[in-house]
Amino acid sequence: MDQAIQNQLAQRLLDYAKRKTTAMASDVLEVPVDSYLDRDVWQAEVEKLFKRLPIVACLSSELAEFGTYIAQTIVGVPLLLTRDADGTVNAFLNVCAHRGAQVASETLCAGKAGRFTCPYHAWTFDNKGKLLGIPDSELFGTVDRAAHGLTRLQADERLGMVFVVLTPGVAIDIDEYLGGISGFFGKECEDLDFVGTRTVKGGHWKIVVDGHLESYHFSTLHRNSIAPFMMSNCSASDQFGPHNVITFCARSIDSLASVPEEEWRPIDHDHIQPQFHFFPGTLVTLFRDAMLVQMVRPGSTPGESTNRIAVARAQHPTSTRRSCTRLPTLWRRKIMRLATISCKAWPRERTRRWSSVRMSFRPIISTKALIVSSWRTDGPSR
Ligand code: FES
Ligand SMILES: [Fe+2]
């Protein structure tokens with residue numbers, strides 16, 4: 001993130017901390033509970049927001065190599081993401097043009113494949129969606145192969161993430177959609193290495209997102225984890241259309257008062273912690289050399305959601321083995337907190353298979369026991 005932006009955020013938070021206040025809206029907003037419980041509202045959110053706006057499907061670094069792919073279902077839409085030989089990320093419905101079977105297996109979920117053979121009758125498609133082969137094609141008469149490829153969806157890579165629109169034919173200018181929030185991200189976000197991903201389950205998607213948009217709960221819910229080093233209820237807020245940036249404030253912010261501003265490094269020194277909310281359900285936390293992305297998506301009922309958490313970090317020049325001990329304190333604690341929550345809730349859930357990287361937090365509840373050396377890049381998952 002640009003140094004001037006960091007310093008400006010730190011200035012505001014220093015001022016809030018001094019005055020024991022936080023960013024305030026002009027008035028109190030009461031939200032009717034129906035917006036969380038009403039099934040029609042929830043259905044409209046799924047259809048109009050998650051299926052028709054650009055949402056983050058994965059990190060760019062998850063598709064780092066040519067020929068890689070990811071198959072996943074988001075709000076009931078089977079999605080296939082590929083990186084082709086030109087380096088372009090493509091998004092398709094993971095639906096065969098013949099009889100609708102999934103051409104890429106979600107059991108394997110991700111890997112490397114230049115072509116996909118449908119498991120039903122073996123029609124074959126390349127990773128640009130083109131129909132290549134039809135067994136016994138002479139029995140079909142004339143088939144317009146160009147019209148029977150995989151159905152393409154809009155896909156754009158921005159800020160180290162892949163944005164997709166899940167409805168075929170809907171086109172949205174991604175840069176216009178993101179607007180000013182892009183200005184907070186440096187080029188370095190586009191050059192990170194994928195570390196790992198896991199998916200956890202939660203309640204209503206808005207409840208999950210809401211919890212990330214305030215620091216009011218730090219001193220109670222996180223009194224033993226985050227509160228010892230972060231201030232409760234002291235945040236800066238910047239709105240960009242439907243998106244916003246919430247910047248949290250570390251207790252160490254006071255120390256900046258005695259340092260000339262040109263020497264400030266608020267993110268590097270863990271004085272501030274920006275978190276980005278890309279409407280509707282993506283939360284991005286930037287660290288000194290890493291990025292944590294939470295892709296919150298409605299589940300199959302209003303009371304269910306999934307949170308696909310993915311991590312990328314700057315490449316370490318001298319080692320293929322990554323240890324959390326090298327990560328900044330704030331980053332380490334946040335990762336361990338997420339891992340602890342995940343392990344508590346789903347101790348036997350398998351982490352996703354990945355051809356060259358795996359994240360294998362040990363399924364042990366104690367934070368102490370989450371051994372920091374469990375981040376590995378040393379071979380395929382087994
Ligand atoms: S459904 Fe895919 S080949 Fe028949
Ligand atoms: Fe929290």
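## Meeting the chain

The protein chain folds into seven helices and 19 strands. Both are DSSP runs numbered from the N terminus: helices are H or I with at least four residues, and strands are E with at least two. This is a predicted model: local features need pLDDT of at least 70, side-chain atom pairs count only at pLDDT 80 or more, and totals for chains, interfaces and linings use all residues. Residues are numbered from 1 along each chain as its sequence is written, while chains are lettered from A and ligands numbered from 1 in the order in which they are written.

Of the 382 residues, 38% count as buried. A residue is buried if 20 or more other C-beta atoms lie within 10 Å of its own, exposed if 12 or fewer, and partly exposed in between, with C-beta atoms placed from the backbone. Among contacts between residues at least 6 apart in sequence, 61% join residues at least 24 apart; a contact means that the C-beta atoms, placed from the backbone, lie within 7 Å.

## The sheet from β1 to β5

Let us start with an open sheet of seven strands, in the order β1-β10-β9-β4-β3-β2-β5, with antiparallel pairing. Two strands pair if DSSP finds at least two bridges between them. At the edges stand β1 (55-59) and β5 (110-112), each with a single partner strand, so one side of each has no neighbour in the sheet. From one strand to the next, the twist averages 25°. Such angles run from 0 to 180 degrees between N-to-C directions, and the axes are lines fitted to C-alpha atoms, for helices over the stretch in contact.

What is the partner of β1? It pairs with β10 (residues 161-165) in the antiparallel sense, over four bridges, and Val56 has Phe163 in β10 as its bridge partner. Five of the five residues of β1 are buried, so this strand is largely enclosed by the rest of the structure. Elsewhere in the sheet, β3 (residues 77-83) and β4 (residues 89-93) pair antiparallel over five bridges, with Arg83 opposite Val89 in β4.

## The sheet from β11 to β12

Seven strands also form an open sheet in the order β11-β17-β16-β15-β14-β13-β12, with antiparallel pairing. Its edges are β11 (193-202) and β12 (230-240); each has a single partner strand, so one side of each is left without a neighbour in the sheet. The twist here averages 20° from one strand to the next.

Within this sheet, β16 (residues 290-298) and β17 (residues 305-313) pair in the antiparallel sense over nine bridges. Met291 stands opposite Ala312 in β17.

## A helix across the strands

Helix α1 (residues 3-19) lies across β12, β13 (243-250) and β14 (272-278), running at about 130° to β12. Which residues of α1 are buried? They are Gln6, Leu9, Ala10, Leu13, Leu14 and Tyr16.

Just after the helix, Lys20 takes a positive phi of about 50°.

## How confident is the model?

The mean pLDDT of the chain is 84, and 82% of its residues reach 70 or more; pLDDT is the predictor's confidence in each residue, from 0 to 100. Over residues 318-329 the pLDDT stays under 50, and the model has 23 contacts for them beyond four places in sequence. Residues 339-382 are also below 50, with 74 contacts in the model beyond near neighbours in sequence.

How values were computed: Contact = placed C-beta atoms within 7 Å.
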